[in-house]
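Biologist: Please take me through this model, beginning with the chain as a whole and then going into the details.

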Amino acid sequence: NRALEKVSEYLRPEHFYTPIHGRIYEAIAKFVERGQDASPITLRQYFDTEQELSAVGGGQYLADLASHIVSVVNVEDYGRTIYELHLKRALISLGEDVVNDAYAHDIDVTASQQIEQTEKRLFDLATAGDYKSGPVAFSQSLVKVIQQAEQAYQREGSITGVTTGLIDMDRNLGGLQNSDLIIVAARPAMGKAALAVNIGLNAARAYMNSGGKEGAPVLIFNMEMSAEQVSARILADLTSVSSDKIRRGELKDTDFIKFVEATNEMSRVPLFIDDTPGLTVSAIRTRARRLKRQHGLGLIVVDYLQLITGSGRGGSENRVQEVSEITRGLKILAKELEVPVVALSQLS
């Protein structure tokens with residue numbers, strides 16, 4: 001029973017290559033869960049009537065298995081070996097599915113969608129039974145808190161998280177904290193998008209100017225405006241030239257000089273914009289993970305919550321539940337990537 005405690009967190013019945021071994025493992029877990037002693041003697045009666053087990057010797061097979069065990073001291077290592085082999089078989093299966101899906105001429109599924117689906121399956125496979133995670137000792141988490149306080153003390157702004165570039169907001173929040181989901185909610189045309197873009201821009205510029213000591217690389221998902229429109233807003237903000245004038249071309253020669261200077265600065269700022277409409281939380285997670293792997297990532301901005309495509313379960317009448325599911329997905333994303341996520345939300 002104690003041996004099971006070392007492997008039950010990550011090892012599942014379906015991880016065994018031989019199905020009957022998975023059935024035995026499942027039966028052991030049920031006995032332990034009920035507070036009973038799991039042994040060949042107590043399990044034998046349970047498996048005497050099991051047709052699958054009778055094919056390999058019935059209850060006697062349990063006794064044979066037990067007699068061949070040298071020691072349960074290394075049970076954790078054995079469990080990890082079983083799990084590692086399960087992962088390799090799953091990778092082989094996934095690889096075969098990728099090849100078959102690529103050969104299939106399905107006009108409704110693009111190559112990009114297939115890549116996203118594959119990345120999602122890979123991520124799920126990598127995190128489904130992660131035996132490296134688990135309870136953390138208070139002493140360990142306390143050390144991290146002290147380290148954050150030390151970093152804040154050494155910084156001029158005295159913040160522990162990602163700076164917003166807005167003094168009062170940083171003072172009240174201590175910056176945007178890793179693993180936090182921050183909702184910016186307001187009525188339409190109240191300046192939500194302008195605030196979010198400013199926060200993203202300030203964080204990315206702070207990262208560049210401080211050599212990575214402050215701020216963070218930023219990814220903005222904007223499902224309402226194109227990347228060019230967002231860039232025009234940023235350019236207007238940096239140069240103090242109205243975005244309306246930029247759009248209409250009512251510019252002076254001095255404005256173009258400002259544009260060149262702003263462009264030279266912004267070409268080095270780690271700010272990324274994804275304007276793909278109708279993304280799901282799963283697709284957002286895939287793209288964010290990819291960017292974090294390739295360029296680093298410290299802040300995600302989503303504009304806005306109601307434009308994210310939900311799972312579709314429950315129909316349109318369940319939109320409130322769907323938005324709750326999307327919000328929960330963004331919170332999980334923030335914790336998984338250990339970055340703050342700022343999500344905009346429209347209020348009716």
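**Working through the model**

Modeller: In the protein chain, 69% of the contacts with a separation of 6 or more are between residues 24 or more positions apart. Contact means heavy atoms within 4.5 Å.

Biologist: What kind of model is this, and which pLDDT limits apply?

Modeller: It is a predicted model, in which local features need pLDDT of at least 70 and side-chain atom pairs count only at pLDDT 80 or more, while totals for chains, interfaces and linings use all residues. Residues are numbered from 1 along each chain as its sequence is written, and side-chain values use heavy atoms, with hydrogens and water left out.

Biologist: How many helices and strands does the protein chain have?

Modeller: There are 15 helices and five strands. Both are DSSP runs numbered from the N terminus: helices are H or I with at least four residues, and strands are E with at least two.

Biologist: What percentage of the residues count as buried?

Modeller: The figure is 35% of the 348 residues. Buried means under 20% relative accessible area, exposed means over 50%, and partly exposed lies in between, with a 1.4 Å probe and protein chains only. The chain exposes about 21,300 Å², and carbon and sulfur atoms supply 53% of that area. Accessible areas come from the Shrake-Rupley method with a 1.4 Å probe; for residues, only the protein chains shown count as cover.

Biologist: What does Leu-271 touch?

Modeller: Not counting residues up to four places away in sequence, Leu-271 touches Gly-200, Leu-201, Ala-204, Val-218, Ile-220, Ile-234 and Met-266.

Biologist: At what angle do the axes of H10 and H11 cross?

Modeller: They cross at roughly 70 degrees and come within 11 Å. H10 is therefore roughly perpendicular to H11. Axes are lines fitted to C-alpha atoms, for helices over the stretch in contact, with angles running from 0 to 180 degrees between N-to-C directions. Angles under 35 degrees count as roughly parallel, over 145 as roughly antiparallel, 65 to 115 as roughly perpendicular and the rest as oblique.

Biologist: Which residues in H10 and H11 meet?

Modeller: On the H10 side they are Ala-193, Ala-194, Val-197, Asn-198, Leu-201 and Arg-205, and on the H11 side Val-230, Arg-233, Ile-234, Asp-237 and Leu-238. By class, this contact has seven nonpolar, one polar and three charged residues.

Biologist: Where does Met-223 lie?

Modeller: Met-223 lies in the loop between E2 and H11 and counts as buried at 10% relative accessibility. Leaving aside neighbours within four places in sequence, its contacts include Thr-276, Pro-277, Ile-284, Val-302 and Leu-307. The C-alpha atoms of Met-223 and Val-302 are separated by 8.1 Å, although the two are 79 residues apart along the chain.

Biologist: Finally, what does Arg-290 touch?

Modeller: Arg-290 touches Ile-115 and Glu-119, not counting residues up to four places away in sequence. Arg-290 lies in helix H14 (residues 281-295) and counts as partly exposed at 25% relative accessibility. Arg-290 and Glu-119 are 171 residues apart in sequence and 9.1 Å apart in space, C-alpha to C-alpha.

Methods. Nonpolar A, V, L, I, M, F, W, Y, C, P; charged D, E, K, R; others polar.
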